[in-house]
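Please keep the structure open while reading.

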Amino acid sequence: MRPRDTSNAFSQPSGNISFEKELDFKVGNGLFKKLWVSSPSSTLASDGLGPLYNARSCQRCHLKDGRGHPPEGPADNAVSMLLRVSISGGTPPEAISDYLATQPDPNYGEQIQDFSVAGHASEGQISITYTETEIALSDGETARLRAPSYTITEPGYGPLHPDIMVSPRIAPQMIGLGLLDAIPAADILALADPDDADGDGISGRAQIVMSRAHGVPMLGRFGLKAGQPSVREQSAAAFLGDIGISSTLFPDGHGECTNAQDACRAAPNGNTSAHDNAEISDEGLALVTFYASNLGVPARRNVDDPDVLRGKQVFYDTGCTACHTPKFVTHRIESQPEQSFQLIWPYTDMLLHDMGPDLADNRPEARATGREWRTPPLWGIGLTETVSGHTYFLHDGRARSMLEAVLWHGGEAETHKQQVIDMPSADRAALIKFLESL
């Protein structure tokens, strides 16, 4: 962990990285920031963008490696937010029980790309409206929550399927991913309690997905519903879906263009033998993966502040640690000394939890139901405004503060949220101070 509290707090390498590996980190950072261009291009190492895409670089969504945000008014775009889409049906993998199969929208695929290269129409634009309600808190305090409603406007490729399921996603912060990848699967699985056998009202479930890299079921760890099993596969999937860049894991040079998008599929692409018959080579993907895996977690701040210590006590007493598990010890990994055998404090159990109807996107993903989300890590959350310039939280950025994020909790966390509503205002303020220290 590194003691940084500047706008670059999320962009520092692992504290124990070697001098030689820091070069790999910097080259990976360059690829993370690189602006891709459309094919054909004289810059063969950078062509292959789209034809349909959400951003021209990883950094455009994860600005300063931080959290994205929903559009802030008509003058802002949705570059750090996207809409996943699907319809019911499909064949579930035989090796994974309770798998909720879905299939892409026949015209629009698995996500809406709101940008396109010259000569092609984008798939549409995201329109968001909000409805606000007031929540009464103890000691005469109140809070206002805004519920979003999403519309896909200007569809470029015909009608959306009448039964389309839509899930909004903002880009999550990037810190500590390699450490999360290094948590022993057995330690995560040991926390699962799908039938609530201990009767505490918390029934975390493990996400299980098919690994493209290994061809076997693996524990899902990354993505808002833990739909990817590793940093490498998460990175490759984002390259394809968000930028339209192929890799050996996702080799389609046309990106995510569907069979209904003939011109898109027929357009020139950047797949070349020099890059392993893809647009980013295995070496390039490995460097980006190394960069993403070694973004260090900033050290906590104000750890001895009496209000922070009181807030920590409230956090534990309220039962927040039932899902936001404070600590793990990572695997011993000889080839990855940066992540090997470390005590880490991410405040997540890496499991899926039913968060109630208000936060439901009603779109399944692998074993995750439309009401389930992976517990997000809380480390670094207090630096969101410093790094990203905003305080929008949750999967779609609807919460404008940490308190609003807490008050959106439901389902398994309903009783814990009610405790926050009912507790003395001083305790509630201390709880937020503790979260701000993480």
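Cys323 counts as buried, at 13% relative accessibility. Buried means under 20% relative accessible area, exposed over 50%, and partly exposed in between (1.4 Å probe, protein chains only). The model is predicted: local features need pLDDT of at least 70, side-chain atom pairs count only at pLDDT 80 or more, and totals for chains, interfaces and linings use all residues. Residues are numbered from 1 along each chain as its sequence is written, and side-chain values use heavy atoms, leaving out hydrogens and water.

A disulfide is a pair of cysteine sulfur atoms within 2.5 Å. For Cys61 the closest cysteine sulfur is in Cys58, at 8.1 Å, also too far for a bond.

The whole structure has one disulfide. It joins Cys257 to Cys264, S to S 1.6 Å.

| Residue | Relative accessible area |
|---|---|
| Cys61 | 10% |
| Cys257 | 5% |
| Cys264 | 2% |

Next, the surface. Tyr316, Val329, Phe341, Leu343 and Trp345 form a nonpolar patch with about 450 Å² of accessible area together. Nonpolar side chains (Val, Leu, Ile, Met, Phe, Trp, Tyr) are joined within 5 Å, like charges within 9 Å. Areas come from the Shrake-Rupley method with a 1.4 Å probe. Tyr316 is partly exposed, at 32%.

Key:
Patches are made of residues with over 30% relative accessible area and no salt bridge: like charges are joined within 9 Å, nonpolar side chains (Val, Leu, Ile, Met, Phe, Trp, Tyr) within 5 Å. A salt bridge is a side-chain nitrogen of Lys or Arg within 4 Å of a carboxyl oxygen of Asp or Glu.
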